Amino acid sequence: MTDEPVPSPSTQERLADLTDDERLVLAKVADIVRKIQYGTVVLVIQDGKVVQIEMAEKFRLR
Amino acid sequence: MVDRAESAVALAGEREATPPKLSLRGLIKTRRSTSGEMLTAVDNVTFDVHQGEFVCLLGPSGCGKTTILNILAGLDEPTSGKALLDGRTISGPGPDRAVLFQEPALFPWLSVVANVEFALKHVGVAPGERRERAMGWLENVHLTGYANAQPHELSAGMRQRVALARALACDPDVLLGDEPFGALDAQARELLQNEVQRVWVESEGRKTFVFVTHNVREAALLADRVLVMTAAPGKLLEEQRIYAPRPRNLDDALVSRVVSEVHEVLMREVGKGGTT
């Protein structure tokens with residue numbers, strides 16, 4: 001994440017346009033991305049809203 | 001609104017902060033084959049299971065997963081390494097660990113309710129309380145109407161439900177399952193899987209379940225953690241930690257994804273000499 005380029009002006013505009021609910025979802029996804037090395041994140045959407053975030057984390061043991 | 005995965009992650013963190021319920025440390029099990037050759041069934045396996053976790057052990061046939069379960073049950077001993085329950089060496093079977101086998105192993109001469117009552121007698125439940133508790137568990141597995149039937153009058157799925165009721169009636173801390181649904185048809189298997197999910201959820205973190213299976217879908221459906229083993233000699237290969245609410249369905253996107261990943265890993269192992 002640290003090596004990512006600075007968002008372009010258009011990306012910054014889109015980020016500024018996000019609703020509070022959308023920011024909350026992105027923040028939670030970012031928390032998961034920071035926490036796990038390998039895995040899957042699934043967003044469950046109903047009526048246009050994210051109602052659940054599920055994840056699976058994978059570890060190689062040998 | 002979107003807190004459920006977060007709370008599952010937090011709960012897993014809390015569990016890991018407590019001492020493990022079951023613990024294997026450098027477990028090795030060797031056996032002598034019929035030709036006299038020494039075979040390693042389990043090769044240096046170390047893992048912990050915390051109270052309230054649901055762990056599935058998955059691996060090719062002959063990888064030692066049943067051996068591990070038998071050692072946890074106290075039915076077998078390690079050649080070296082340690083198997084611990086609440087920090088103490090496991091020295092034999094006990095009522096704190098119930099085991100569900102592939103075959104329900106009911107007493108054929110006892111009625112359904114008497115089979116459950118027998119287990120309650122074994123753990124010291126007073127005679128006056130046994131019938132009510134046994135009937136309560138039969139109700140939980142939807143078999144009230146068959147309380148006085150003999151095991152041979154039931155279908156395979158119903159017999160396994162009796163075995164589940166009998167195992168849980170004694171209120172064990174740990175439920176160990178050795179391919180408990182392996183011999184059932186698809187519908188009976190699904191019913192039992194739902195039943196087990198429900199019982200585990202209702203125990204609210206008190207009960208620890210460890211199931212051995214070679215059914216990848218079953219593992220992804222039921223477990224918090226899926227431990228995948230190598231072909232013999234069995235070592236731990238990969239772990240999947242699944243943070244998704246229950247009851248789960250096989251159609252759930254995350255379950256499907258985990259099934260696909262674990263299946264791929266398992267097929268590579270089978271290609272190295274194991275069989276499913």
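Residues are numbered from 1 along each chain as its sequence is written, and chains are lettered from A and ligands numbered from 1 in the order in which they are written. Because the model is predicted, local features need a pLDDT of at least 70 and side-chain atom pairs count only at pLDDT 80 or more, while totals for chains, interfaces and linings use all residues. The pLDDT is the predictor's confidence in each residue, from 0 to 100. For chain B the average pLDDT is 90, and 95% of the residues score at least 70. The predictor assigns the complex an ipTM of 0.83 and a pTM of 0.90.

Chain A contains 2 helices and 2 strands, where helices (H or I, at least four residues) and strands (E, at least two) are DSSP runs numbered from the N terminus. Along the sequence these elements follow the pattern α-α-β-β. The radius of gyration of chain A, taken over C-alpha atoms, is 14 Å, well over the 11 Å that the globule rule (2.2 Å times the number of residues to the power 0.38) gives for 62 residues, so chain A is more spread out than a compact globule. Along the principal axes, the C-alpha atoms of chain A fill a box of roughly 45 × 35 × 10 Å. Of the 62 residues of chain A, 10% count as buried. A residue is buried if 20 or more other C-beta atoms lie within 10 Å of its own, exposed if 12 or fewer, and partly exposed in between, with C-beta atoms placed from the backbone.

The contact between the chains takes 18 residues from chain A and 20 residues from chain B; two residues are in contact if their C-beta atoms, placed from the backbone, lie within 7 Å. On the side of chain A that touches chain B, α2 (20-35), β1 (39-46) and β2 each supply at least two residues. Strand β2(A) gives the most to this side, with 11 residues. By class, the side has 10 nonpolar, 2 polar and 6 charged residues. Here Ala, Val, Leu, Ile, Met, Phe, Trp, Tyr, Cys and Pro count as nonpolar, Asp, Glu, Lys and Arg as charged, and the others, Gly among them, as polar.

Strand β2 (residues 49-60) of chain A pairs with β10(B) in the antiparallel sense over 6 bridges; strands pair if DSSP finds at least two bridges between them. Within this pairing, A:Ala56 is bridged to B:Ile242 and A:Phe59 to B:Glu239. Strand β9 (residues 225-229) of chain B also pairs with β10(B) in the antiparallel sense, over 5 bridges, and B:Val228 has B:Glu238 as its bridge partner. The strands β9(B) and β10(B) form a hairpin with 6 residues between them. In β10 (residues 236-243) of chain B, 7 of the 8 residues are buried, so the strand is largely enclosed by the rest of the structure.

Helix α5 (residues 156-169) of chain B has 14 residues and reaches 20 Å from its first C-alpha to its last, close to the 20 Å expected at 1.5 Å a residue; the expected span is 1.5 Å times one less than the number of residues. Of these 14 residues, 12 are buried, so α5(B) is largely enclosed by the rest of the structure. The cover over its buried residues includes β6 (97-100), α3 (112-122), α4 (127-140), β7 (174-178) and α6 (186-202) of chain B. Just after α5(B), B:Asp171 takes a positive phi of about 55°.
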